[in-house]
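Please find below a note on the structure under review.

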Amino acid sequence: MATHLLLDLGNSRLKWAVLSDGEMHSGEPVAHTGKGLGDLAPMLAAAVGAECAWISSTALSLTQALCDEIGRALHCPTRVYTSPKEGLGIRSAYDLPHTLGTDRFLAMVGARAHTRGAFLLVDAGTAMTVDMVDEGGQHLGGLILPGPLLMREALHHGTAGIRTRDSVHVREFARSTDDAVWSGGVLACAALIGHSWRQGRAGVGGEVELILSGGALPWLEAHIDIPHRRLPHLVLGGLAQWAQAAGG
């Protein structure tokens with residue numbers, strides 16, 4: 001079978017995997033600054049012989065540079081996903097479907113492969129996204145907010161007096177500015193997850209599975225008391241389904 005390179009270019013990291021013989025093998029994410037792609041050598045070495053690269057990108061300023069580098073190093077075509085109104089088992093709630101981030105659409109595709117019923121999908125990274133999908137694959141809408149780190153950075157840049165250290169703790173009622181800022185961000189994100197899950201259950205009139213993904217989960221998960229599943233690499237899983245559906 002064909003070998004394909006799957007690429008999830010996010011706000012701070014490039015996540016990647018090689019799809020071969022129906023199996024997906026993910027590699028170490030590559031950090032980037034938004035101005036450069038970082039060290040792609042390990043990824044390119046693992047993808048030698050790939051017939052196509054399938055890309056989801058929210059770092060739009062780097063998309064063309066990534067396509068150019070793939071073409072130069074691997075001599076294979078690239079395909080960049082655009083969110084449709086309907087595809088791969090998901091129907092978008094957006095009136096302008098192409099404006100829904102491809103990472104969100106493909107993550108819903110990836111999550112749908114792991115559940116039969118309605119689900120609330122939370123991807124907590126630099127930004128945190130929340131998307132509700134009913135049991136028929138209809139996306140009911142979602143939310144976007146800063147993740148805990150971005151909330152802290154917003155206070156650093158938007159106020160004159162709040163500056164914090166990196167080593168902090170989550171407390172219900174903090175006794176230092178460091179802990180107060182960090183606790184506020186983490187607990188706000190966790191509280192929104194609970195609120196959205198309850199609203200989702202009310203909206204569909206039944207059970208809703210909570211699915212969590214993203215790099216900020218180690219900070220949030222201890223403060224989420226709803227039963228849930230933690231599923232990594234959902235965008236890459238959605239890309240794999242796209243590649244396979246396209247005949248890859």
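This is a predicted model: local features need pLDDT of at least 70, side-chain atom pairs count only at pLDDT 80 or more; totals for chains, interfaces and linings use all residues.

1. Strand 5. Strand 5 (52–57) is mostly covered, with six of its six residues buried. C52, W54 and S56 point one way from the strand, while A53, I55 and S57 point the other way; all of these are buried. Strand 5 pairs with strand 1 in the parallel sense over six bridges, and H4 has C52 of strand 5 as its bridge partner. Strand 5 also pairs with strand 6 (residues 78–80), again in the parallel sense, over three bridges. In that pairing, the bridge partner of W54 is R79 in strand 6.

2. The hairpin. Strand 2 and strand 3 form a hairpin with two residues between them. The two strands run antiparallel and are joined by four bridges, strand 3 spanning residues 23–26. L19 has M24 of strand 3 as its bridge partner. In the turn, D21 has a positive phi of about 55°.

3. Strand 12 (residues 209–213) has four of its five residues buried, so it is largely enclosed by the rest of the structure. Five bridges join strand 12 to strand 9, and the two run parallel; L121 stands opposite I211 in strand 12. Strand 12 also pairs with strand 13 in the parallel sense, over three bridges. There, L210 stands opposite H228 of strand 13.

4. The largest nonpolar core. In soluble globular proteins, nonpolar side chains tend to be buried together. Which members of the largest nonpolar core touch the most other members? Of its 26 residues, they are L6, W54, L121, I211, L234 and L239. At least two residues of this core come from each of strand 2, strand 5, helix 3, strand 9 and helix 7. Helix 7 supplies the largest share, seven residues. Apart from this core lies another, of 23 residues, among them V122, A124, V186 and V208.

5. Contacts of L6. Leaving aside neighbours within four places in sequence, L6 is in contact with K15, W16, A17, L19, M24, W54, L236, L239 and A240. W54 and L239, like L6, are among the core members that touch the most others.

6. L9 is placed in strand 1. Is L9 buried or exposed? Its relative accessible area is 0%, so L9 is buried. Not counting residues up to four places away in sequence, L9 touches L14, H32, L37, S56, S57, T58, A59, L62, T63 and L66. Of these, L37 is 28 residues away from L9 in sequence, and the C-alpha atoms of the two are 9.4 Å apart in space.

7. Helix 3. Helix 3 (residues 102–112) is mostly covered, ten of its eleven residues being buried. The buried residues are T102, D103, R104, F105, L106, A107, M108, V109, G110 and A111.

8. The largest pocket. The largest pocket has a volume of about 920 Å³. Of the 41 residues that line it, K15, D123, G125, T126 and G215 are the closest to its centre. Elements giving two or more residues to the lining include strand 1 (3–9), strand 2 (13–20), helix 3 and strand 9 (119–124). Helix 4 gives the most, with four residues. By class, the lining has 18 nonpolar, 15 polar and eight charged residues.

9. Positive phi values. L88 has a positive phi of about 55° although it is not a glycine. L88 lies in the loop between strand 7 (86–87) and strand 8 (90–91), and at 25% relative accessibility L88 counts as partly exposed. H233, likewise a residue other than glycine, has a positive phi near 60°. H233 is placed in the loop between strand 13 (228–230) and helix 7, and counts as partly exposed at 38% relative accessibility.

Terms used. Residues are numbered from 1 along each chain as its sequence is written. Side-chain values use heavy atoms; hydrogens and water are left out. Buried means under 20% relative accessible area, exposed over 50%, partly exposed in between (1.4 Å probe, protein chains only). On a 1 Å grid over the protein atoms alone, a cavity is a set of points where a 1.4 Å probe fits but cannot get out, and a pocket is an open set with protein on both sides within 12 Å along at least five of seven lines; lining residues have an atom within 4 Å of a point. Grid points are joined across faces, edges and corners, and a volume is the space filled by probe spheres set on the points. Ala, Val, Leu, Ile, Met, Phe, Trp, Tyr, Cys and Pro count as nonpolar, Asp, Glu, Lys and Arg as charged, and the others, Gly among them, as polar. Two strands pair if DSSP finds at least two bridges between them. A nonpolar core is a set of buried Ala, Val, Leu, Ile, Met, Phe, Trp, Tyr and Cys residues joined through side-chain atoms within 4.5 Å. Contact means heavy atoms within 4.5 Å.
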